[in-house]
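Hi there,

Here is the structure I promised to pass on to you. Have a look at it first, and then read my notes below.

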Amino acid sequence: AIAAVIAANDSWDDWTHVMTDKDNVFVTPERPTHTPWINTNVWSDEYVVLERNPYFWEVDTAGNQLPYIDKLTYRDFTDTEVYVMWCVNGEIDCQGRHSGDFFNYTVLKEGEANGGYAVQVWRRTAVQGVAPNHTTKNARVREFFQERDVRIALSLSIDREEIRELLLDGFGRSTQYGPPEDSPYYSEKLANAYIEYDPDRANELLDDLGYSERDADGYRLWKDGSGEVISWVMLAGDQEASPTILLLTDYFKAIGLKMLYRGADRSLRQQMHKANEAEMGLSPMDRNLVPLADPQIWTARTGTDSDKSWSAAWTAWYLNPTDPIAEEPPADHWVRTLYANWEKLQETADPDAQKALFGEILDIWAEEIPCIGLYGDEPRLIVVKNGFKGIQEGYPYDCCATNYEAIIDDATWYWDDPSQHMD
């Protein structure tokens, strides 16, 4: 019987594929769920409609079953600028993702009256960060990124104050990737590690590593005698390099390093990461508001298909040693301490012991700088339609396990006049 089920779907090769899809509400809407709303169709459709779950477990203080809102509709899009225009035209009731970047502030604010909405300003806790792949297939780039002093030199070469002034009107906070300042897990040592702008010191570090020879354009040469320029490829989602990437390119050039750029859509980037072909990524490094809820970036467990993955082959080995790109890290490498402390954390109930174990992880990050943080605490814009209640300005904004719907329970959101929002 199972063979017939597998044969009926071209995407299924064995029973594990069937099980995975049947357990995924995004492709199997009829799967029971405990969430406030349930899918009525699949997420590959242009419009996706969710209806309230009659078996949702939450009630309000008066005993009314949540959620208050009966139906949600999501619309697919491929162009962020078009999506922002939907907001301006009043077609969106509430949204923070995709339209919430600070560079959209002016156009969204100017559209408030016409669109019948207000722009709330939240604080995004994620840190914009550079993720060099320590285990990339390119042997020379791999050796280069595995050098601690190379990563420190890259960090020292970046003028974070200039980036924030040019791109965020001075908002945000220069920092490495760590918990935000108001977190009980905040590490000042990590936050401030090598974030000063010191290109002279960066040049010294690279010279001391033996990368002192340069070509006529000032680019450093690999020290293998090939005469070739040190270069690597930054992989990100925009077809053209973003302002941040252009600035990084200039900073790295100033210390003799050549960073090229390749833009690719998410599916292609995921393929490249999974094949261990990616050399460097740029991404908001999130999941830091409630660090122990999902510390996958700090513990080198980010999926091998992620822009945040900084040790793809070692991560593959840790998560699944049979993965084609899996490589066991050296026996004495500090990444093993990250794995070990994460395993101990999961077995530890005492909060103080958990904090101590996690503190050791953050100390390693402060010493080794696996990734290079740029800035955090940037303003995050949330578009909220007039009359839509329950979501308030000023909260921290994070992704995934601690996103804004988890901070302010979206099952309690409501319209002040529901009759104006009925089908």
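Ser283 is buried, with a relative accessible area of 7%; remember while you look around that this is a predicted model. You will find Ser283 in strand β10, which covers residues 280-285. What does Ser283 touch, once its neighbours within four places in sequence are left aside? It is in contact with Val127, Gln128, Gly129, Asp307 and Lys308.

Now for the cysteines. How many disulfides are there? The count comes to 1. Cys399 and Cys400 form it, with their sulfur atoms 2.4 Å apart, and the cut-off for a disulfide is 2.5 Å. The torsion about their S-S bond is about 50 degrees, so the disulfide is right-handed. Cys400 is partly exposed, with a relative accessible area of 32%.

Cys87, on the other hand, is in no disulfide: the nearest cysteine sulfur belongs to Cys94 and is 9.8 Å away. Cys87 is buried, with a relative accessible area of 0%. Cys94 is buried as well, at 17%, which falls under the 20% limit for that label.

Let's step back to the whole chain. Its secondary structure comes to 16 helices and 15 strands. Along the principal axes, the C-alpha trace spans about 75 × 60 × 45 Å. Does the radius of gyration point to a compact globule, or away from one? For 423 residues, such a globule would have a value near 22 Å, and the chain has 24 Å, so the two agree.

Of the 423 residues, 48% count as buried. Among contacts in the chain with a separation of 6 or more, 64% come from residues 24 or more positions apart. The chain exposes about 20600 Å², and carbon and sulfur atoms supply 49% of that area.

Lastly, the charges: there are 37 positive and 74 negative side chains, and the centres of the two sets lie 2 Å apart.

Enjoy exploring, and write back with any questions!

Best wishes

Conventions. Residues are numbered from 1 along each chain as its sequence is written. This is a predicted model: local features need pLDDT of at least 70, side-chain atom pairs count only at pLDDT 80 or more; totals for chains, interfaces and linings use all residues. Side-chain values use heavy atoms; hydrogens and water are left out. Buried means under 20% relative accessible area, exposed over 50%, partly exposed in between (1.4 Å probe, protein chains only). Helices (H or I, at least four residues) and strands (E, at least two) are DSSP runs, numbered from the N terminus. The radius of gyration is taken over C-alpha atoms; the globule rule is 2.2 Å times the number of residues to the power 0.38. Contact means heavy atoms within 4.5 Å. Accessible areas come from the Shrake-Rupley method with a 1.4 Å probe; for residues, only the protein chains shown count as cover. Lys and Arg count as positive and Asp and Glu as negative; His and the chain ends are not counted. The place of a charge is taken as NZ of Lys, CZ of Arg, CG of Asp or CD of Glu.
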